[in-house]
Amino acid sequence: MRNFEDNSRVKHDIYGTGKVTHSGGDGYSYVEFDTGVEKNILEEKLTLIEDSMVKIKSIHIKNLFNQFNYDIEVDIENDVAILIAPNGCGKTTIFKILDFMFNPSLNAFHEIKSIPFDTFSFQLSNGYMISFCRESLEEAIVRLQKNLDTEDSKLTLRRYCKSYPHDFVLSVTDSNGDEVEKISFYKAILEYYNTPDILSHFDSCVDANFYDFVDDKRLDSTDKLRIESFIKQLQSSQWKKAMSNTDLKFIDANRLQKKYSSPESVDKEKDTEKVDFFIQANETIREDVRRCLGEYNREVENAKSELVKEYIQTVNISTPSFEAFQSRWDSYQEELRKFQELGLLKSKELTIDSQTLKDAFQYKAEFLTTYLNMFEKTLEPLRAICEKLKLFADIFHKRNEITRKCIRFTENGIEISSKGKKIDIDCLSSGEKHDFAMFFNLIFDTPKNSIILIDEPEISWHIEWQSEFLDQLIDICRINGTQAIVATHSPYIIYGHDDLVVDKQVTENE
């Protein structure tokens, strides 16, 4: 038997995650669960949640847009931080560069390659500092001296990159200030082409604008591989280990305009098969629900076939008191009702009043205990998905009280209704769609222990929805163990949460 410290994060198979508010000496802990339920739970039924997440502690930018210097300090004691600044000062740009550093790709590179800045760096809660610098071509040539064997090679590099004379360099220092890694865009290109052969290839590209190749539909495989040599080095970078594999997700202001790859697409690399966000969301839910229901039905069939055998083979089963059995029975029935309300299970009228159950327990305690032991386990596949579905449904219902819209999750996907009549998702208003997309991304499409960047969440939202957002985001971050940084213009988003606004210093270059 163990004693949990107060404020420890714990998980229970039935009630989900929560915080220990009092740990007694009797083997029980009083737990305040994230769903609002408060229970006195036997400690052997609880699992400690280790806090291995790494957070962004500060962000520093020099000469952004050839004008601004930023020093942004983030309070890592809070799960949510708010970034505010006037239009044109770089809030979205900061998010785009962070997104590229965490999730390097051709598209992300295209987003940031023309942004003027000298140095972009951020410090992590574990002491690591990651810097992303733009160097002039001349500075890069000095640094890459050993990779440029001849004056011809230097000249070719100058000619080749004359249309955009900057190198991109990512460097990583540990908590002791020691550099542990450095990755250079130009160096990656030189390594890809194997320096002795650089001249012959580059001569054919003298008059070409290298960066235009990124957007050119005629981009050939060689040009793609040239850029991807840099991208792949970033993707396999050692600095990811410094992050303890923490992911970053960027939810931008144009979230409804994005297209998503279809899960049914045979070739994931092709851009030809793209689907609408809501089609993707529906397919995600449908696949998850069908998978969980398939596992649940297999467990139920197995429990049915093994019930009699289990009862016969169990000798001198230890039966609890009726009060203890009824408590478990009520919890089991409560879970069934919850799954039914969400749409996972079909509603069944099975009502056994307390007195009838008590009378049956006097003569059939062993059988009823065996039955409950086996069928409680069948719910495990549904518990795995239920926490997120219920969280999403609770937020959806709260934010749609006036229009009385309801949401359910079935093996056919997402069902939305109003006053008992089904509504096509395309019939939702712009605000409702933005709201749906925001919370779907936060709850279903964001890994645990990750960092979320949210740009202008208030788009198309009513004032009341704006004022509720941060409270709901704080709950989501607490349940998923995530850090969220929100860029907003709305005073209604911030209202009541001034303590979450980040401390930033902005200086303007002369």
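**Notebook: loops, cores and helix packing**

I began with E456, which counts as partly exposed because its relative accessibility is 21%, and buried would need a value under 20%. The model I am reading is a predicted one.

**Entry 1**

I looked up the backbone at E456 and found phi near 50°, a positive value in a residue other than glycine. I noted this since most residues other than glycine have a negative phi. E456 sits in the loop that runs between β19 (450-455) and α15.

I then went to R404, another residue that is not a glycine, and read a positive phi of about 55°. R404 belongs to the loop between α13 and β16 (405-410). Is R404 buried or exposed? R404 is exposed, because its relative accessible area is 54% and the cut-off for exposed is over 50%.

**Entry 1. The chain as a whole**

I counted secondary structure next: the chain has 16 helices and 21 strands. Of its 510 residues, 48% count as buried. I also checked how far contacts reach along the sequence. Taking contacts between residues at least 6 apart, 67% join residues at least 24 apart.

**Entry 2. Cores**

I asked which residues have the most contacts inside the largest nonpolar core. They are F409, F436, L442, F469 and L473, in a core of 69 residues. Helix α10 (residues 277-313) supplies the largest share of this core, with 11 residues.

With neighbours within four places in sequence left aside, F469 is in contact with R399, M438, F439, L442, I454, P457, W461 and I493.

A81 is placed in strand β8 (residues 80-83). A81 is buried, because its relative accessible area is 4%, and the limit is under 20%. Beyond four places in sequence, A81 is in contact with V74, A484, I485, V486, L500 and V502. I also took the C-alpha distance from A81 to A487: 8.8 Å in space, for two residues 406 apart in sequence.

Two packed helices are described by the angle between their axes and the distance between the axes, and I recorded both for each pair below.

The axes of helix α14 (residues 430-444) and helix α15 (residues 463-480) cross at roughly 15° and come within 11 Å. The two helices are therefore roughly parallel to each other, as the angle is under 35 degrees. The crossing of α14 past α15 is right-handed. On the α14 side I listed G431, E432, D435, M438, F439, L442 and I443, and on the α15 side W465, F469, Q472, L473, I476 and N480. These contact residues divide into eight nonpolar, three polar and two charged.

I also stopped at E464, which lies in helix α15. E464 counts as partly exposed, because its relative accessibility is 40%. Its C-alpha atom is 9.4 Å from that of I493, which is 29 residues away along the chain.

**Entry 3. α10 with α13**

How do α10 and helix α13 (residues 380-399) pack, and at what angle? The angle is about 150°, with the axes 8 Å apart. That makes α10 roughly antiparallel to α13, because an angle over 145 degrees counts as such. The crossing is left-handed. I285, D288, V289, C292, L293, E295, Y296 and E299 of α10 make the contact with P381, L382, I385 and L389 of α13. Sorting these residues, I have nine nonpolar, no polar and three charged.

**Entry 4. α10 with α14**

Last, I took α10 against α14, which pack at about 40° with axes 11 Å apart. That makes α10 oblique to α14. α10 passes α14 in a left-handed crossing. From α10 the residues involved are F277, F278, A281, T284 and I285; they meet K433, F436, A437, F440, N441 and F444 in α14. The contact divides into eight nonpolar residues, two polar and one charged.

Key
Residues are numbered from 1 along each chain as its sequence is written. This is a predicted model: local features need pLDDT of at least 70, side-chain atom pairs count only at pLDDT 80 or more; totals for chains, interfaces and linings use all residues. Side-chain values use heavy atoms; hydrogens and water are left out. A nonpolar core is a set of buried Ala, Val, Leu, Ile, Met, Phe, Trp, Tyr and Cys residues joined through side-chain atoms within 4.5 Å. Buried means under 20% relative accessible area, exposed over 50%, partly exposed in between (1.4 Å probe, protein chains only). Helices (H or I, at least four residues) and strands (E, at least two) are DSSP runs, numbered from the N terminus. Contact means heavy atoms within 4.5 Å. Axes are lines fitted to C-alpha atoms, for helices over the stretch in contact, and angles run from 0 to 180 degrees between N-to-C directions. Angles under 35 degrees count as roughly parallel, over 145 as roughly antiparallel, 65 to 115 as roughly perpendicular and the rest as oblique. A crossing is left-handed if the near helix is turned anticlockwise from the far one by less than a right angle, and right-handed if clockwise. Ala, Val, Leu, Ile, Met, Phe, Trp, Tyr, Cys and Pro count as nonpolar, Asp, Glu, Lys and Arg as charged, and the others, Gly among them, as polar.
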